[in-house]
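Here are my notes on this one, jotted down as I went through it. Have the viewer open while you read.

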Amino acid sequence: MGRQQDTDLEVKLERLRAEINSGLSDLVKHHQPSELYDSVRYVLSGGGKRVRPVLLVLSAEVFGVGIRHTMPLALAVELIHNFSLVHDDIMDHADSRRGRKTVHVLWNIDTAILCGDVLLALAAECIGRATSGDPAQLTRAFGRMIRELCEGQALDMVIGNSQNLTTGDYLHMVDGKTGGLLSASLEMGGIAGKADPDSCLALREAGKFIGRAFQINDDLLDLVADDQRWGKVQGGDLMEGKGTYLLTEARQRATGEDATFFAGIYPGSGLTEEEIPKAQARMEALGVLDAAREHVHSYTHQALDRIRSLSGNTTELHALIQEIGSRIY
């Protein structure tokens, strides 16, 4: 895309995000009791790039269906994303999310569980308000999205406590926890646009590859990002002993002293801040960081290949996916 096209897309994305934020706010503006809905409103006011609903809207536009018909679906996928985050934070005992206190910290665990449940219920209601696309297809995609999220979270718990898993195991987890939502977002946009089965499959596969690229890049940026907008402590995953692509790949490649070093990193036994440069140097020497960059590039291009196979104008969807794969914060 040229410079003017890039600018036009950014303006459009900002407009879409504003509409989505407004729609989320309107969903729960007057809901009671406040003992529950204050937490829901807190979660939905957290902002963010709204990647998933925007992907859904742009996906439907490829097939000629605009946001007036896809807004309920766009809100549904963002609600499910936030539902998963609220419950993940409980399971991970996380104190903060996007620089703000988590719901179970600001309120309590019981309220956080109910908050997540309500977000799930609101998403189901939004699916029921869809005005374009086959309801049965949308329901199946919606159910598969939630099931894959849960499966991915279960695998994430296994990965966090195992030292014998392969990169393939890690990617299988990512396909559920990250790719499941992205795949459903793109596919549901296609369903809303009455896309043929081959196009819906291409969209679903594109979402899987975007998920892989996104998560591996996220793991990489956690260690190497030097952009202040990243907003996290460098090497935070290693300090938490979190099972990431980098740590999984390092364990597979390491021998001798390196193998002993990486085997000692697990939840409850992470590195100190002073040890992070040493870990980064070891990973660099093992080729782990280069492998991560290569995988981000490869999976992004596999996603773009699927998008190019679609009929219709895919320029904006193509550009957004390319932007997701090349982000630096």
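1. Let's start with His93, which is exposed, with a relative accessible area of 66%. Keep in mind that this is a predicted model. The backbone at His93 is worth a look too: phi is positive, about 55°, although the residue is not a glycine. You'll find His93 in the loop between helix H4 (67-92) and strand S1 (96-97).

2. Why flag a positive phi at all? Most residues other than glycine have a negative phi, and most peptide bonds are trans.

3. Lys194 is another non-glycine with a positive phi, here about 60°. Its place is the loop between helix H9 (179-192) and helix H10 (197-224). Is Lys194 buried or exposed? It counts as exposed, because its relative accessibility is 65% and the cut-off for exposed is over 50%.

4. Next, a peptide bond to check: Gln32 and Pro33 are joined in cis, with omega about 10°. Pro33 sits in the loop between helix H1 (3-27) and helix H2 (34-44).

5. Now for helix H3, residues 51-62. H3 runs to 12 residues and spans 17 Å from first C-alpha to last, close to the 16 Å expected at 1.5 Å a residue. Just after H3 comes Gly64, with a positive phi of about 85°.

6. How many of the residues of H3 are buried? The count is 11 of its 12, so the helix is mostly covered, with buried meaning under 20% relative accessible area. Among the buried residues are Arg52, Pro53 and Ser59, along with Val54, Leu55 and Leu58.

7. H3 has a packing partner in helix H16 (residues 315-325): the two axes come within 9 Å and cross at roughly 155°. That makes H3 roughly antiparallel to H16, because angles over 145 degrees count that way.

8. Which residues make this contact? On the H3 side they are Val51, Val54, Leu55, Leu58, Ser59, Glu61 and Val62. H16 brings Glu316, Leu317, Leu320, Ile321 and Ile324. Sorted by class, the contact of H3 with H16 has 9 nonpolar, 1 polar and 2 charged residues.

9. One general point to hold against those lists: an α-helix has 3.6 residues a turn, so residues three or four places apart point the same way.

Conventions. Residues are numbered from 1 along each chain as its sequence is written. This is a predicted model: local features need pLDDT of at least 70, side-chain atom pairs count only at pLDDT 80 or more; totals for chains, interfaces and linings use all residues. Side-chain values use heavy atoms; hydrogens and water are left out. Axes are lines fitted to C-alpha atoms, for helices over the stretch in contact, and angles run from 0 to 180 degrees between N-to-C directions. Helices (H or I, at least four residues) and strands (E, at least two) are DSSP runs, numbered from the N terminus. Angles under 35 degrees count as roughly parallel, over 145 as roughly antiparallel, 65 to 115 as roughly perpendicular and the rest as oblique. Contact means heavy atoms within 4.5 Å. Ala, Val, Leu, Ile, Met, Phe, Trp, Tyr, Cys and Pro count as nonpolar, Asp, Glu, Lys and Arg as charged, and the others, Gly among them, as polar. Buried means under 20% relative accessible area, exposed over 50%, partly exposed in between (1.4 Å probe, protein chains only). The expected span of a helix is 1.5 Å times one less than its number of residues.
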